[in-house]
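I wanted to look up the nonpolar core and the ring contacts. My entries follow the structure.

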Amino acid sequence: MAEFFAARLRGRNEVPPVDSDAFGVAKFAADRRGTRLKFLLKVENIENFIQAHIHFGAPDENGPVLAFLFGADLDTLAEQEGITTRRGVVTGTITDDDIVANNVGVRNVSDLLDLMREGLTYVNAHTEQNLGGEIRGQIFPLVDRR
């Protein structure tokens, strides 16, 4: 059976909080084997959007990038020029090859899913004006109500 997760992104969720008109939602669906993670990231009212990632961390702490959802590499973050949109959607699939080298022991999608189940991951959307993050949301499992 597939597993589902979601996050609501707001500036007030950033550490420290950011005053932003932008907001968004991220939705995730893991396959039964835990090897692929499909995602949909929807952002609204965002200016100079350059990158979005899944990070490791509890709600009140910042942590390392575990997987990219949008944008180029981390080394050129400060040099990138963003896009401004009233409403934008990014979709994709994360596989083991997409896991970013990290110091928290996440080597594959299965490891990432373990942290997502525990509420220890978040989505962060970065902009030119807020390189540390414009909007953020903790990822939580969704309960199957069938």
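Is Phe-70 buried, partly exposed or exposed? I am working from a predicted model. I found a relative accessible area of 22% for Phe-70, so this residue is partly exposed, as the buried class ends under 20%.

Entry, aromatic rings. I counted one aromatic pair. Phe-49 and Phe-70 make up this pair, and their rings are stacked, with 4.5 Å centre to centre and 15 degrees between the planes. Phe-49 belongs to strand S3 and Phe-70 to strand S4, so the pair ties together parts that lie 21 residues apart in sequence. I then checked Phe-49, which counts as buried because its relative accessibility is 2%.

Entry, nonpolar core. I looked up the largest nonpolar core and found 31 residues in it. The residues with the most contacts inside this core are Phe-28, Leu-37, Leu-41, Leu-69, Ile-94 and Val-123. Two or more core residues come from each of strands S1 (3–10), S2 (23–30), S3 (37–56), S4 (65–70), S5 (83–94) and S6 (121–127), and from helix H1 (109–117). S3 gives the most, with eight residues. I noted for background that nonpolar side chains tend to be buried together in soluble globular proteins.

Entry, Val-123. I listed what Val-123 touches, not counting residues up to four places away in sequence. Among them are Phe-28, Leu-41 and Leu-69, which are also listed with the most contacts inside the core. Val-123 also touches His-53, Arg-136 and Gly-137.

Entry, Arg-136. I followed Arg-136 to Tyr-122: the charged end of Arg-136 sits over the Tyr-122 ring, 3.4 Å from its centre.

Definitions and conventions: Residues are numbered from 1 along each chain as its sequence is written. This is a predicted model: local features need pLDDT of at least 70, side-chain atom pairs count only at pLDDT 80 or more; totals for chains, interfaces and linings use all residues. Side-chain values use heavy atoms; hydrogens and water are left out. A nonpolar core is a set of buried Ala, Val, Leu, Ile, Met, Phe, Trp, Tyr and Cys residues joined through side-chain atoms within 4.5 Å. Buried means under 20% relative accessible area, exposed over 50%, partly exposed in between (1.4 Å probe, protein chains only). Helices (H or I, at least four residues) and strands (E, at least two) are DSSP runs, numbered from the N terminus. Contact means heavy atoms within 4.5 Å. Rings of Phe, Tyr and Trp (its six-membered ring) pair if their centres lie within 6.5 Å; planes under 30 degrees apart count as stacked, over 60 as edge-to-face and the rest as tilted. A charge sits over a ring if NZ of Lys or CZ of Arg is within 6 Å of the ring centre and within 35 degrees of the ring normal.
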